[in-house]
Amino acid sequence: MSLPTTKDARSRQRAGETLARFAAVGAVTTLLDMALFNTFYFAGAPPTPSNLVSYSCGIAVSYMLNRAWTFRAAHSHVQAVKFVAATLTGLLISTVIVAGLALLIPAPVAKVISVPIVFVWNYLASRLWVFRIEST
């Protein structure tokens, strides 16, 4: 077992800062998602289409903020395609959770339950696949 180096400490600090920025972006896009979902739902739209539209609106905002601020990555068409694929998978996860739980509990509560689950998915997919950070 070796002692931690300065390089290890910097790497952990960068990882913590990236997670904090990702969480901040997630908070902004989650507020947007929740506001739109509740607007559509309480205007009479069913939960599943409300979730599809509200979640989709957050994808564009999330990509722009995470690319430019969280991961400080240059624009890349490959990254954009990967980001859309990862977030569409997150949308599928969110929609399945909301649709399933809305049969048992109020849809807005189901939506809230889905948020942390989808956050974990989106962070791991972004960090490990879309904006993969190579060790230096």
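**Before selecting**

The model is predicted: local features need pLDDT of at least 70 and side-chain atom pairs count only at pLDDT 80 or more, whereas totals for chains, interfaces and linings use all residues. Residues are numbered from 1 along each chain as its sequence is written, and side-chain values use heavy atoms, with hydrogens and water left out.

**The whole chain**

Display the chain as a cartoon. It contains 4 helices and 0 strands, in the order α-α-α-α along the sequence. Helices (H or I, at least four residues) and strands (E, at least two) are DSSP runs, numbered from the N terminus. Along the principal axes, the C-alpha atoms fill a box of roughly 55 × 35 × 20 Å.

Next, colour by accessibility. Of the 136 residues in the chain, 32% are buried; buried means under 20% relative accessible area, exposed over 50%, and partly exposed in between (1.4 Å probe, protein chains only). Among contacts (heavy atoms within 4.5 Å) with a separation of 6 or more, 72% join residues 24 or more positions apart.

**Helix α1**

Select residues 6-42, which form α1. The expected span of a helix is 1.5 Å times one less than its number of residues.

Now show the buried side chains of α1: Thr18, Arg21, Phe22, Val25, Gly26, Thr29, Asp33, Met34 and Phe37. These residues pack against α2 and α4. An α-helix has 3.6 residues a turn, so residues three or four places apart point the same way.

Leucine 19, also in α1, counts as partly exposed at 37% relative accessibility. Beyond its neighbours within four places in sequence, leucine 19 is in contact with Phe119 and Tyr123.

Just after α1, select glycine 44, which takes a positive phi of about 110°.

**The charged pair**

Which side chain meets that of aspartate 33 in a salt bridge? Select lysine 111: the two side chains meet at 2.8 Å, N to O. Aspartate 33 lies in helix α1 and lysine 111 in helix α4, so the pair ties together parts that are 78 residues apart in sequence. Both aspartate 33 and lysine 111 are buried. A search of the whole structure finds 1 salt bridge, defined as a side-chain nitrogen of Lys or Arg within 4 Å of a carboxyl oxygen of Asp or Glu. Side chains of opposite charge can pair when their charged atoms come close.

**The cavity**

On a 1 Å grid over the protein atoms alone, a cavity is a set of points where a 1.4 Å probe fits but cannot get out, and lining residues have an atom within 4 Å of a point. Grid points are joined across faces, edges and corners, and a volume is the space filled by probe spheres set on the points.

The largest cavity holds about 300 Å³ of space. Its lining comprises 21 residues; select Thr29, Thr30, Tyr55, Val118 and Asn122 to see those nearest its centre. Two or more lining residues come from each of α1 (6-42), α2 (47-70), α3 (77-101) and α4 (107-130), and the largest share, 7 residues, comes from α4. By class, the lining divides into 8 nonpolar (Ala, Val, Leu, Ile, Met, Phe, Trp, Tyr, Cys and Pro), 11 polar (the others, Gly among them) and 2 charged (Asp, Glu, Lys and Arg).

Select serine 62 in helix α2. Serine 62 counts as buried, at 12% relative accessibility. Leaving aside neighbours within four places in sequence, serine 62 is in contact with Val25, Thr29 and Phe83.

Move to arginine 72, in the loop between α2 and α3. Arginine 72 has a positive phi of about 45° although it is not a glycine. Most residues other than glycine have a negative phi. Arginine 72 is exposed, with a relative accessible area of 57%.

**Helix α3**

Finally, select α3. Its 25 residues should span 36 Å, and its end C-alpha atoms are 36 Å apart, which agrees. The buried residues of α3 include Phe83, Gly90, Leu91 and Val98, and the buried residues of this helix pack against α2 and α4.

Definitions and conventions:
1 Å grid on protein atoms, 1.4 Å probe; cavity = no way out; pocket = protein on both sides within 12 Å on 5 of 7 lines; lining within 4 Å.
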